[in-house]
Amino acid sequence: MLKGKNALVTGSTSGIGLGIAKALARQGANIVLNGFGDVDAPSAEVASLGVQVAYHGADMSKPSDIEDMMKFAAQRFGRIDILVNNAGIQHVARIENFPVERWDAIIAINLSSVFHATRLALPAMRAANDGKGWGRIINVASVHGLVASAEKSAYVTAKHGVVGLTKVTALENATSGVTCNAICPGWVLTPLVQKQIDAKALALGVDNDAAIKLLLAEKEPSLQFTTPEELGDLAVFFCSPAGNNVRGVAWNMDGGWTAQ
Ligand code: NAD
């Protein structure tokens with residue numbers, strides 16, 4: 001379905017971003033990966049799906065790095081058709097104890113990077129398809145873009161901002177073939193969440209499995225993690241012809257978290 005299209009997924013060396021990159025690659029899209037840590041294994045996994053893969057190590061907290069990455073992607077593949085703004089970090093502390101440097105980093109990586117990558121991707125998307133435009137911007141927000149939890153001030157602020165930016169991006173491009181939507185996962189078992197499970201296990205003196213059960217029971221009625229594969233399939237739906245007029249939604253995939 002996406003053969004001939006090129007996708008850039010930020011923060012795709014692990015977790016949800018890698019899941020979405022693989023789902024898009026399975027549909028034939030070439031992929032630009034981004035993120036820290038091991039690059040060889042995720043690149044090989046995506047390449048094994050029969051598409052072209054490139055990697056750029058932009059630090060998403062730095063606008064100049066993002067500009068460099070978008071230029072690199074355009075040079076490598078001609079144009080980015082699908083932008084998945086996924087890179088994100090977390091820090092958990094009460095507001096009065098929240099390190100200022102962590103606040104600034106979360107706002108830069110989880111929110112401002114979405115603005116920068118979007119503004120740089122839009123001109124080519126709008127020019128595509130003989131000027132009628134074709135593009136898909138998919139922002140990985142969170143249930144924390146819709147509701148709050150204590151001790152996550154920067155994250156909740158950034159993710160609510162991402163949901164707002166998603167709506168503005170959708171409206172500004174509503175008469176073109178460029179759509180923008182947000183995905184709002186509940187708990188997904190990735191390195192980002194494993195850190196929170198480890199902290200819970202330590203604080204309560206319980207093992208990993210018990211900490212997982214407590215974490216899910218607190219917020220997620222299904223008592224199941226959402227998986228990167230499920231989120232990847234939702235991203236594929238947004239890219240499909242059926243997604244042509246899906247604009248500005250914040251689609252939760254959260255086991256009932258926000259239904260309560
Ligand atoms: P993860 O830690 O597995 O992946 C995060 C990715 O972002 C990694 O590739 C990492 O290298 C990259 N990254 C971190 N800082 C970066 C930076 N400065 N520049 C470039 N890349 C950077 O986490 P994840 O759980 O897969 O999170 C992905 C997205 O999903 C985040 O935006 C997160 O907020 C969101 N999310 C996660 C969950 C969950 O339960 N895991 C729930 C809702 C939303």
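This is a predicted model: local features need pLDDT of at least 70, side-chain atom pairs count only at pLDDT 80 or more; totals for chains, interfaces and linings use all residues.
In which helix is K71 found? K71 sits in helix 3, residues 63-77, where helices are DSSP runs of H or I of at least four residues and strands are runs of E of at least two, numbered from the N terminus. Residues are numbered from 1 along each chain as its sequence is written, and side-chain values use heavy atoms, with hydrogens and water left out.

To stay with K71 for a moment, its relative accessible area is 54%, so K71 is exposed; here buried means under 20% relative accessible area, exposed over 50%, and partly exposed in between, with a 1.4 Å probe and protein chains only. K71 and L120 are 49 residues apart along the chain, and their C-alpha atoms are separated by 8.9 Å.

Let me turn to the overall layout. The protein chain is divided into domain 1 (6-186 + 227-254) and domain 2 (189-225), with bounds that come from an automatic or database domain assignment. Their C-alpha centres lie 25 Å apart, and 14 residues of domain 1 are in contact with seven residues of domain 2, contact meaning heavy atoms within 4.5 Å.

The ligand is surrounded by 30 residues, of which T13, N86, Y155, V188 and T190 are the closest; a residue is counted as near if one of its heavy atoms lies within 4 Å. By class, the shell holds 16 nonpolar, twelve polar and two charged residues, with Ala, Val, Leu, Ile, Met, Phe, Trp, Tyr, Cys and Pro taken as nonpolar, Asp, Glu, Lys and Arg as charged, and the others, Gly among them, as polar. Helix 1 (15-26), helix 5 (153-172) and helix 6 (191-204) each supply at least two of the shell residues, and helix 6 gives the most, with three.

As for polar contacts, which are pairs of N or O atoms within 3.5 Å, a polar side-chain atom of D59 lies 2.9 Å from a nitrogen atom of the ligand. On the backbone side, a polar atom of N86 is 2.7 Å from an oxygen atom of the ligand, and a polar backbone atom of V188 is likewise 2.7 Å from a ligand oxygen atom. The protein covers 93% of the 820 Å² of accessible area that the ligand has on its own, by the Shrake-Rupley method with a 1.4 Å probe.

I will close with some individual positions. N173, in the loop between helix 5 and strand 6 (178-185), counts as buried at 2% relative accessibility, and beyond residues up to four places away in sequence it touches L122, R126, V178 and R247. N208, by contrast, is partly exposed at 34%; it belongs to helix 7, residues 208-219, and its contacts, leaving aside neighbours within four places in sequence, are Q194, I197 and D198.

Most residues other than glycine have a negative phi. N129, in the loop between helix 4 (100-127) and strand 5 (135-140), has a positive phi of about 55° although it is not a glycine, and L223, in the loop between helix 7 and helix 8 (228-239), also has a positive phi, near 55°.

Notes:
A polar contact is a pair of N or O atoms within 3.5 Å; within protein, one must be able to donate a hydrogen and the other to accept it, and residues adjacent in sequence count only if both atoms are side-chain atoms.
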